[in-house]
Amino acid sequence: MRNRHAVAYWTGFSVILLLLIVAPLVLPEFWRRFLTEILIWGLLAMSSDVLIGYTGMVSFGHSGFFGLGMYGAGAALLLVAPPNLFLALAFGLAAAGVNALFVAYFATRLRDIYFAITTLIFSQIMYVVIFTWTSLTGGENGLTFRAPPLGLPGVLAAPFTPQTLHWFVLAVVVLSYLLLRRIMQSPFGMVLQSIRENEARTRAIGYPVQRYKIVAVMLSGLFAGLAGVLYAIQNRFAAPDFVFFLVSGETVIFNVMGGIGTLVGPIVGAGFFLILREALSRSFTEAYLIPVGIVFIAMVIFMPQGLLGFARKWLNR
Amino acid sequence: MQDLLDIILIQTVNGVVTGMILALVASGLTLIFGIMDVVNFAHGELFMLGAYLGVVVFATTGSFWLALLFATLIVALLGAALQIVTLRPLIGRDPLTTILATFGVSLVLQNYALWQFGPVARNIREPITSHFTLFYLEYPWYRIAIAALSAGIIGSLWLFLKYGRYGIWIRATIQDRVMAQAMGIPVPWVYTAVFAIGAGMAAASGVLFGPLVGVNHAMGLDWILKAFIVVVVGGMGNLGGSILASIFVSLMEAYASIWVSPAQAVIASFVVLILTLLFRPTGLFVPTPK
Amino acid sequence: MSAAPAAAEPLVRLEDVHTYYAKSHILDGISLHIGAGEVVGLLGRNGVGKSTTLKTIMGLVRPSSGSVRFEGREIGGFAPDRLARLGIGYVPEDRRIFRLLTVMENLRTGLDRRGVMEARKQELLAKVFEYFPVLSERRSQAGGTLSGGEQQMLAIARAMMLEPKIILLDEPTEGLMPRMVSQIGAIIDVLRRDGVAVLLVEQNVPLTLAACARVYIIEKGAVRHHAPSSELRASDAVIHQYLGV
């Protein structure tokens, strides 16, 4: 029974992967870019799922990690010439990682809503600092920089084309997914899920719950930072808007819409939200976020397991 | 030196004034949380809508006091409707869902305001424009008036809870909602009423505060963050604590803005929160930690 | 077998009621009835479902199957506040008075109902203060400052404020001193005199047999034995068999 599910799953996975690989060759540039963005936001949402879906902790501060990944990459690309992809990744991940460590240390002492608010506050602190420290971060205007070439400078450096950029992003997202999936199914991941199910019992059994939570937050923050780096490379700018709370809120929306605890669900959720927003912005040019918000509220009430959960139930009939 | 003392004096009064408004916002939030375990993410937007409605009613009638009255009533009704439509279906579910639902509501309300009123800030004229002398400095009467009004509204709430017939229902429900139901108290309607009261109070704060800054669709977030901080620092569900915390946090911010810009002064409140969470997580002003 | 007149529809009737708590099967086809003004007892060991039976009647637990009727009307799934207004009073185990409300405010939660004249409210208060003078003394004190016995009296008085047709009493003598036990017996007598039915869940067998006309013995979520108290008083064997006392 499980094998049949696994086969069906991986077949579906491969089909979609194939479609995503072929996409940039057939789609017009606008939609190609749109798709790449879905992947990047999906990665951000997936990183948040580690906390919401597997550890049972809602973070409202993921914009902090995302933004720092973005600014870190920007810093690398501006400070070091020639612009170096790996350095951008390193700087971005380091920035996000340090932030994650800091947030993890304070926020994991608290549960539920206090945790969520603390993560929100920390991301707002980041926002205020970035917004006001104009000399370092460009303040309101942010930073602009050039995209690095794919490859090592000096050895092989091919500038990104829209297609290769898309494939690069796709590769990173897929690898992240596989890696996170592996981690969540490992003993470590099992403990996280046990914390979500019943934290008191997990602690009673003898697990150092707070330590696990800290690692979970760091893992989540790093992958969120990775998404930020990708965004910086694709768009070649970093702006404080991306550190603002709204990004964190949208991340949670992607999670809920797609289905928490599934890793792929959030990517689907991101896609659904962005497509919905795009479609509605054509009919309701100004007020399009209102129906989007209403759809979201309706989903929270009537479809709490998200699109993926709903599809799963429907297929199992 | 004299100048610094002057500024500190003025900032103290400013801090208390802002603190009273924040107390009005936070009381509603605390009440809602205390009675139904709902963290109302949309509370800031109710504040913002109150401010906008104040602008509209004022523009139509020219009376600030009518603006205050109508904005409060309309938003209270809106709050009741929101609670019935979006929160009642979620009773008994994971608390995460109410946070998400109210977050969704805040998105809808914010964008509604953006759509209806546009992105440019609006102004309400202060109803009292004269100044008085505070010691030897000039200080606007209006600010004192709003502090007094806020205190009055909070005081009325306290009296209602303590002596009003429905106040007893509310207090009983806060303590033991199951037994309250077993005593015939229609708890679902108590929830709706409390949500409406909280919403009304947020709206009133918005109207009172409106003349001090511009009114714009995004003003909610700042206030909800501050209100959250206050609710935590004051002790979740503790009305008296949240009032003290409001004044404390606002004073900290007022003093901080002597030296840094207001945008950065906000960090003062964050620091207070972090320190509270580290050392007195049940609340700074809660008499004995549970 | 039943001591009550069989022709009239009883005040409360449970028929084959099943309830679950997560995966545990708590009530397993329980059937019983209480007539108007009757005092009926529920005996049984710990954990057999006695409290759950009361909670099911009060609407605090939803039956997954079976019928719960009050005055002939199906009430399964009704909200507790509606049932309180219809005339069911509930005095839970561990009393659960509102600790931060004064004694008077506790009473008012039951007294402040729609359609009750102020005069009637004063009458009810006077009556309850007559039966429980200590409550009158302490009327402005917070509920949490009362002793265990006083809290029990408050819990019963509070339910009486609803002018209910039946009061569900869950282990009222638990944790009380022996001389308070006889007071509980006296209160139950008062209720019977006033025409209020009582469903009494108890561990205290002598009190139950003295106060109740009929007794159901519950085991594993269902009725195993049902007899008038006179019969059970006459022979220890049944009580011994099911309760081991």
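## A263 of chain B

A263(B) is found in helix α11 of chain B, which spans residues 262-279. The model is predicted. A263(B) has 13 other C-beta atoms within 10 Å, so this residue counts as partly exposed.

Leaving aside residues up to four places away in sequence, A263(B) touches V128(A), F131(A) and T132(A). Y139(B) lies 124 residues from A263(B) in sequence. In space, the C-alpha atoms of A263(B) and Y139(B) are 23 Å apart.

## The A–B interface

Chain A brings 31 residues into contact with 31 residues of chain B. On the chain A side, α5 (112-132), α11 (245-258) and α13 (289-302) each supply at least two residues. The largest share of that side comes from α5(A), with 12 residues.

By class, the side of chain A that touches chain B holds 23 nonpolar residues. A further 5 are polar and 3 are charged.

## The largest nonpolar core

The largest nonpolar core has 262 residues. Which of them touch the most other members? They are A203(B), I166(C), L168(C) and V198(C). Helix α8 of chain B, residues 187-209, gives the most to this core: 16 residues.

Definitions and conventions:
Residues numbered from 1 in each chain as written. Chains lettered and ligands numbered in written order. Predicted model: local features only at pLDDT ≥ 70, side-chain atom pairs only at ≥ 80, totals over all residues. Helix = DSSP H or I, 4+ residues; strand = E, 2+ residues; numbered from the N terminus. Buried ≥ 20, exposed ≤ 12 C-beta atoms within 10 Å, placed from the backbone. Contact = placed C-beta atoms within 7 Å. Nonpolar A, V, L, I, M, F, W, Y, C, P; charged D, E, K, R; others polar. Core = buried A, V, L, I, M, F, W, Y, C linked by C-beta atoms within 7 Å.
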